Amino acid sequence: MTRTARGANRGTRRGVLLAAAVLLASGCDSGPSLETQDKVTAPPGDSKHLVVGSAGFTESDLLAQMYALLLDKAGYDTEILSVANRELYEPALESGQIDVVPEYAATFADWLNAKVNGADAKPVGSPDLDATMKALRKLAAPRGLTVLDPGRAVDQNAFAVTAAYARKHHLKSLTDLGKSGLKVRLAAGDECVQRPYCEPGLKKVYGIDITGVDPKGVGTTQAKKAVQSGQDQMVLTTTTDATLDEFGLVLLTDDKNLQNADYIVPVVNRSRAGSKGVSRALARLNTVLTTKDLADLNRQVDSWRRLPEDVAKKYLETKNLL
């Protein structure tokens with residue numbers, strides 16, 4: 001298995017994109033997946049060589065780089081693996097091929113819940129962070145995973161309109177939009193018509209008059225251009241979208257907490273990275289990294305074409321974490 005070494009050679013910061021066949025190859029130095037194991041009861045481990053996983057998109061790459069840098073600072077020898085599929089990297093996390101990965105609390109809770117209880121299981125992720133974390137940790141622990149504390153940064157679904165539209169109609173929140181009585185055509189994914197956080201929730205929770213969903217995807221350039229041009233009035237995107245300014249768009253506050261608590265949380269393999277040393281190292285980011293910071297870091301990579309490893313290092317240096 002090819003990996004990018006870190007720690008001993010700290011100038012090398014690039015992850016390696018692994019195909020499924022490579023990640024799951026029999027030559028990998030790891031044990032079997034927990035799919036065939038009983039509940040994990042081993043004490044927390046403290047391996048000095050840790051593999052940090054990334055899901056292969058900008059934000060995950062940035063978080064993985066920051067995790068690795070903080071662990072390097074704490075005396076661990078680290079490397080990064082990029083695996084652009086949760087169906088692959090989560091079993092690798094269970095088996096010890098990956099030791100640490102950045103995740104999203106509500107999304108990961110619902111993913112594990114479906115894996116354990118079936119695709120039709122009632123979702124356990126919710127806008128309540130405490131309830132979501134409790135459910136997530138309950139699902140993760142039997143699989144040998146420890147979910148560390150969330151920080152301040154959250155990457156949730158969010159809704160944006162043009163700044164001009166917001167000014168004209170005095171809109172700052174989704175409540176304001178509902179009270180305005182304006183008819184809204186929404187640029188989003190085609191699943192929006194049935195997802196509770198999307199069209200049904202906007203109607204039920206906020207009373208927004210959604211006249212139709214324009215299936216242009218979540219936060220895509222095409223969707224943003226449709227709102228920019230006035231073809232649609234609002235777009236479904238995320239709270240860390242780095243390109244809203246380029247399209248003259250602003251987020252409306254989800255003031256009634258329609259969206260789930262997708263706070264960023266480190267998830268670790270307990271038997272290899274469940275120690276206080278790992279949790280203390282990663283917790284240094286919790287009080288520093290904000291949603292706004294993360295959006296700005298995404299922008300530096302996506303719009304300014306800077307390398308994730310350089311952006312991550314510079315950010316941690318400016319926050320006196322390195």
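Predicted model: local features only at pLDDT ≥ 70, side-chain atom pairs only at ≥ 80, totals over all residues.

Started with helix H4 (residues 105-117): Phe 108 and Trp 111 sit three residues apart in it, which means about one helical turn separates them. For my own reference, helices (H or I, at least four residues) and strands (E, at least two) are DSSP runs, numbered from the N terminus.

Residues are numbered from 1 along each chain as its sequence is written, and side-chain values use heavy atoms, with hydrogens and water left out.

I searched the whole structure for aromatic pairs and got one. It is Phe 108 with Trp 111, stacked, at 6.4 Å centre to centre and 15° between the planes. (Rings of Phe, Tyr and Trp, the last by its six-membered ring, pair with centres within 6.5 Å; planes under 30 degrees apart are stacked, over 60 edge-to-face, the rest tilted.)

Buried or exposed, I asked of Phe 108? Phe 108 is buried at 1% relative accessible area, and Trp 111 counts as buried at 19%. (Buried is under 20%, exposed over 50%, partly exposed in between, with a 1.4 Å probe and protein chains only.)

Next I checked helix H8 (residues 199-206), whose buried residues are Glu 199, Gly 201, Leu 202 and Tyr 206. Just after H8, Gly 207 has a positive phi of about 70°.

Last, Asn 257, in the loop between strands S11 (249-252) and S12 (264-269). Leaving aside neighbours within four places in sequence, I found Asn 257 in contact with Pro 127 and Tyr 206 (contact: heavy atoms within 4.5 Å).
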